[in-house]
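Have a look at the model first, then read on.

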Amino acid sequence: MSSRNNLPILAFSAAGLLGLAVVLALLVAPEDADQGVSQRIFYFHVPIALTAYACFGLGAWKALRLLWVGGERRDLESYTWIHQGTIFGALTLITGSIWAKASWGVWWSWGSNQLVLFLVLFLFYCAYFMLRFSIEEGARRERICAVYALFGVALIPVSFFAIRLASDFIHPTVFNRDGPQMTGTMFGAFLVCWAAITLLAYVMYRTELVGKRTDANLRELREALS
Amino acid sequence: MSAFALYTADVVALARKDLKLELRARDTLPAMLLFVLSTLAVFHFALPAGTSDDAAFGLLWIAIIFTALLGLARAWAPEREGGALDGLVLAPCDRSAIWLGKTLATFAFLAAAELVALPAFALFFAPVDLVAVAGVVLASIGICAVGSLLAAMAAASRGREVILPLLFLPLSIPLVVGGVGAGISPEGATYLSFLGLYDLVFAILAWATFEYVVTE
Amino acid sequence: MSQGQYVALAYGVVLVFVLLWVAIIATKLTRLERETGELAEIARGRDTDG
């Protein structure tokens, strides 16, 4: 299989880029005039959220390819992307919650559309794992999980609209946080953090995939030998 | 006969099969009716005095969602337990027709339950206007469309009865938003359009992917 | 908690998550090593028999 030997390079690059990102976000970027030091959470929180969306999207893409074209490796790839998405989704919720506490004094706000959307998605994708582990391994499980992954990606925009609508009557949007008016340095720092988090997610994905494929190979070997 | 007419005939036959089974066995529909009435009664005691009508309306939707889950689980019980799904899949019809037939049958059950629930709600709690009813109808379409597909997935799993609610509840959140909004918001029409959008997107998705869920 | 401490908490949580992930991968690797060892045993046993 192609690119198997570039994983170490990617991993070291991710480490370096993350180090740079942390330095930029915490030390180099100027402090935000309105929100103060707590705004620095944004440098990681937003890339983590974007990465989670990307992971779910890639999981759905691999799922679509599985249904269209087939191939067992796509099942593992889809599964691993969704796993990464769930990890980064959980991180989005946690960092978002901390930011909410720092900015508004509450750990949770139903008025924060992004937080609520991630909660819904997180619940949805946790159910993905429940579903996957309750079905016998095989082609059927692959297809069912793939279909569920497609539903997830359809749910993202639909939920987004639903939550926007709901904020009219469930909770008025009490807290408003405008996207920071970013200076050039701030924007640069944001981009570096985004690249670093994306690369981190990709490295984690590739590493997990190695583990899962090795697992599958070992099982085949075991069957062949016994 | 054209392919479309054949397809429709299959769907109707499948839906009628489920409805006839229910007419004979009479276990799903009475359970749903009693469940929804009992739930409404519990809500009366669960709501503190002076709660707004809007809050009560929200609880109506919880009742509808869980009654639907009951109906979905029972609708797929023959396939899940008796292995009748394998037989259905072998039948010479488009697999998606199975989904559509099931969806129509479940919708009939759910509509019957709502025909009881809505007047009961109007009696116990607060009046229900036309926009709210439209919301109930539109959301029920979505519930049955998505629920049928998820119930087929649950039928393939070993995971006990709890797996269907776990799969269904996150997907039902937009429907609840739409339904409650249609009932209590002054801009009910927006919520109705939203429900229509949900129904369109997810019904097409379910119709297209059902085959992959049930094939061995 | 001061604002700065919240920032530290947020970044710290990210670090902990990644470290937990490393721990889980490490556990998996150990298991894979054990299983490969067992398979090597079986293969060796086969060789001496055959």
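1. Start with the crossing of α6(B) and α7(B), which is right-handed (the near helix is turned clockwise from the far one by less than a right angle). The axes of α6 (residues 95–124) and α7 (residues 130–156) of chain B come within 9 Å and cross at roughly 140°. Axes here are lines fitted to C-alpha atoms over the stretch in contact, with angles from 0 to 180 degrees between N-to-C directions. Helices are DSSP runs of H or I, at least four residues, and strands are runs of E, at least two, numbered from the N terminus.

2. Who makes that contact (C-beta atoms, placed from the backbone, within 7 Å)? Among them are Trp99(B), Phe107(B) and Leu110(B) of α6(B), and Val133(B), Ile141(B) and Cys144(B) of α7(B).

3. Before going further: this is a predicted model, where local features need pLDDT of at least 70, side-chain atom pairs count only at pLDDT 80 or more, and totals for chains, interfaces and linings use all residues. Residues are numbered from 1 along each chain as its sequence is written, with chains lettered from A and ligands numbered from 1 in the order in which they are written.

4. Chain B as a whole has nine helices and zero strands. Its C-alpha trace spans about 55 × 35 × 30 Å along the principal axes.

5. As for neighbours, chains A and B share the most contacts of the two pairs of chains in contact. Chain B and chain C do not touch, and their nearest C-alpha atoms are 25 Å apart.
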